[in-house]
Amino acid sequence: MTISKNLNSKSPIAFFDSGVGGLTVFSKVKRLLPNEDLVYYGDTLHMPYGEKSKADLLKYSNNIFKFFEDLGCKAVVMACNTTSSVVYREVVDRYKFELYPIVQSVSEILSSLPITRLGVFATRATIESNAYQNEITKYNSDMCVFGQFCPSWVHIVENNLINNEESIKLIKSDLDKMLDNSPEKIVLGCTHYPFLIDILSKFVEKDLFIDPAEDFAKFIVNDLKTKQLLNKNTDLGKDSFYVSSNPDGFIGNAKLFYNVTVRPQIITFE
């Protein structure tokens, strides 16, 4: 049963991911909506999400959503491709806020690309869900979408091993496998992956890759505007950060994505 929503335009917009990767979306929305109060939850205790079961992902997501609901958030952004792919349909009607899943929100845009072969790099859970393939082909049945999971990439980014020689070899190996499919474009289907662009572009042209976070941020802003949920306050909005473990590590890793100036509070759930 769908829960009725009585939303306040002055309430915050919330974001979550398993670590710092969702800050890619957070930062883009912040740039477009500087007067909004934004909340970010990094579930660092359970990172990475890509190898977790559906039951675990559902548990983590519901705990975080209940926390956001208690904060009175008007919208929640599933900046995590994995949870968007695996559990979105299980949670979409349970809460009183607007819910924005990255995969479903950008698939129509991706389907309109003037190409026929689209690759998707993502986590194991996202790839095995076939979410990108299923969503994109709803709009364009002629597009061939093929996915490949990259088991090491989140670890490389979260542990700042991007320029490590072994990391570069792993990234190159995954890229070579994808290129065997002759993609015309490749979606970076995990919010951590855009921070590997400099490495990837050593081997192929940079414009081969698509970071969906940019279109996702615009989609969120336009939808909130349509629903008259944008904050009309002209003051600069406030950022709040929460993690499930290791706030100092979060701050250090976040530097790749966003300048977190406030120490995150630790919030854990049973």
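At 0% relative accessibility, Val91 counts as buried, a label that means under 20% relative accessible area, with exposed meaning over 50% and partly exposed lying in between (1.4 Å probe, protein chains only). The model is a predicted one, in which local features need pLDDT of at least 70, side-chain atom pairs count only at pLDDT 80 or more, and totals for chains, interfaces and linings use all residues. Residues are numbered from 1 along each chain as its sequence is written, and side-chain values use heavy atoms, with hydrogens and water left out.

Val91 belongs to helix H4 (residues 88-91); helices (H or I, at least four residues) and strands (E, at least two) are DSSP runs, numbered from the N terminus. Leaving aside neighbours within four places in sequence, Val91 is in contact with Leu58, Asn62, Phe65 and Leu99, where contact means heavy atoms within 4.5 Å. Val91 and Ser61 are 30 residues apart in sequence, and their C-alpha atoms are 8.4 Å apart in space.

Two strands pair if DSSP finds at least two bridges between them.

Strand S1 (residues 13-17) pairs with S3 in the parallel sense over four bridges, and Ala75 in S3 is the bridge partner of Ile13. Four bridges also join S3 to strand S4 (residues 98-101), the two running parallel. There, Glu98 in S4 is the bridge partner of Ala75.

Which residues of H1 are buried? They are Leu23, Thr24, Val25, Phe26, Ser27, Lys28, Val29 and Lys30. Because eight of the ten residues of H1 are buried, this helix is largely enclosed by the rest of the structure.

Helix H1 (residues 23-32) also packs against helix H11 (residues 213-226), at an angle of about 50° and with the axes 9 Å apart. H1 and H11 are therefore oblique to each other; angles under 35 degrees count as roughly parallel, over 145 as roughly antiparallel, 65 to 115 as roughly perpendicular and the rest as oblique. The contact is made by Thr24, Val25, Lys28, Val29, Arg31 and Leu32 of H1 together with Ala213, Glu214, Phe216, Ala217, Lys218, Ile220 and Val221 of H11. The residues of this contact divide into eight nonpolar, one polar and four charged. In that grouping, Ala, Val, Leu, Ile, Met, Phe, Trp, Tyr, Cys and Pro count as nonpolar, Asp, Glu, Lys and Arg as charged, and the others, Gly among them, as polar.

An open sheet of four strands has the order S6-S5-S7-S8, with parallel pairing. Strand S6 (144-149) and strand S8 (209-210) stand at the edges, each with a single partner strand, so one side of each is left without a neighbour in the sheet. Strand S5 (residues 117-122) pairs with S6 in the parallel sense over six bridges, while four bridges join S5 to S7, which run parallel. Val120 has Gly147 as its bridge partner in S6 and stands opposite Val187 in S7. Gly119 stands opposite Phe146 in S6. S5 is mostly covered, with five of its six residues buried. Helix H9 (residues 165-179) lies across S5, S6, strand S7 (185-188) and S8, running at about 155° to S5.

A further buried site is Glu135, with a relative accessible area of 7%. Glu135 is found in helix H7 (residues 131-139). Not counting residues up to four places away in sequence, Glu135 touches Arg89, Val103, Gln104 and Ser107.

Notes:
Axes are lines fitted to C-alpha atoms, for helices over the stretch in contact, and angles run from 0 to 180 degrees between N-to-C directions.
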